[in-house]
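I opened my notebook today to look up a few places in one structure. Here is what I wrote down as I went along.

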Amino acid sequence: MHQAIKEAFKGVEQNHGGPFGAVIVKEGEILSKAHNQVLKTNDPTAHAEINVIKKASKKLGTFDLSGCEIYTTCMPCPMCQGAIKWANIKTIYYGASSKDADKIGFRDKEFYEKEALELKSIDREECLKPFEAWSAKEDKIIY
């Protein structure tokens, strides 16, 4: 967690984004470290957890981070929780809560308390065509 905190300070000091840092560890060894870079990159998905997953995946040459653990300075938002789950990371160690992030101006509360999006399905039949092509592939890799 100390390395995640150092990453968070790095992001704050360089105005890269909020006070969020993350580290991925496998078998006691640090694979990757990252911090929030939303402001630096103008990318709303450049959260510390997303950035650290990308680095670890690149280092290991795989999308499957089974056996890894993630340490993050704040409870991951729903987007980051989804990315962590897609990466097959089973354990998340976090410091501050989403309520703590909300108290300093981040809108985490909005993502936990209400449905912010209106979902509308359109062109389903056309969109199913690439699904059918994928299903028919003999060399597909399920992830």
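**Entry 1: Asn51**

Leaving aside its neighbours within four places in sequence, which residues is Asn51 in contact with? I looked this up in a predicted model, and I found Ala34, His35, Asn36, Gln37 and Ala46. Asn51 itself sits in helix α3.

**Entry 2: the whole chain**

Next I stepped back to see the protein chain as a whole. I noted 7 helices and 4 strands. Going along the sequence, I read the pattern α-β-β-α-α-β-α-β-α-α-α. The C-alpha trace spans about 50 × 40 × 25 Å along its principal axes. The chain has 143 residues, and buried residues make up 30% of them. I also looked at contacts with a separation of 6 or more: residues 24 or more positions apart account for 48% of these.

**Entry 3: Ser32**

Back to single residues. I found Ser32 in strand β2, which covers residues 29-35. Ser32 has a relative accessible area of 5%; the limit for buried is under 20%, so I wrote Ser32 down as buried. What does the side chain of Ser32 reach at 2.9 Å? I traced it to the backbone oxygen of Val52. Not counting residues up to four places away in sequence, Ser32 touches Ala22, Val23 and Ile24, and also Val52, Lys55 and Ala56. I checked one distance as well: Ser32 and Thr45 are 13 residues apart in sequence, and their C-alpha atoms are 18 Å apart in space.

**Entry 4: two helices side by side**

For this entry I reminded myself that two packed helices are described by the angle between their axes and the distance between the axes. I looked up helix α3 (residues 48-60) and helix α4 (residues 78-86), which pack at an angle of about 20 degrees with their axes 9 Å apart. Angles under 35 degrees count as roughly parallel, and α3 and α4 are therefore roughly parallel to each other. The crossing of α3 past α4 is left-handed. Which residues meet here? From α3 I listed Glu49, Ile50 and Ile53, and from α4 Met79, Cys80, Ala83 and Ile84. Sorted by class, this contact has 6 nonpolar residues, no polar ones and 1 charged one.

**Entry 5: His16**

I moved on to His16, which I found in the loop between α1 (2-13) and β1 (21-26). Is His16 buried or exposed? I noted a relative accessible area of 10%, so His16 is buried. Its side chain makes a polar contact with the side chain of Gln14, at 3.2 Å. Beyond its neighbours within four places in sequence, His16 is in contact with Gly11 and with His35, Asn36, Gln37, Val38, Leu39 and Lys40.

**Entry 6: Asp139**

My last stop was Asp139, in the segment after α7 (124-136). Its relative accessible area is 57%, and exposed means over 50%, so I marked Asp139 as exposed. The side chain of Asp139 makes a polar contact with the side chain of Lys137, at 3.1 Å. I also looked up Asp139 and Gly67, which are 72 residues apart in sequence and 26 Å apart in space, C-alpha to C-alpha.

Terms used: Residues numbered from 1 in each chain as written. Predicted model: local features only at pLDDT ≥ 70, side-chain atom pairs only at ≥ 80, totals over all residues. Heavy atoms only, no water. Helix = DSSP H or I, 4+ residues; strand = E, 2+ residues; numbered from the N terminus. Buried < 20%, exposed > 50% of the residue type's maximum accessible area, 1.4 Å probe, protein only. Polar contact = N/O pair within 3.5 Å; in protein donor to acceptor, adjacent residues only side chain to side chain. Contact = heavy atoms within 4.5 Å. Axes fitted to C-alpha atoms, helices over the stretch in contact; angles between N-to-C directions. Parallel < 35°, antiparallel > 145°, perpendicular 65-115°, else oblique. Left-handed = near helix turned anticlockwise from the far one by under 90°. Nonpolar A, V, L, I, M, F, W, Y, C, P; charged D, E, K, R; others polar.
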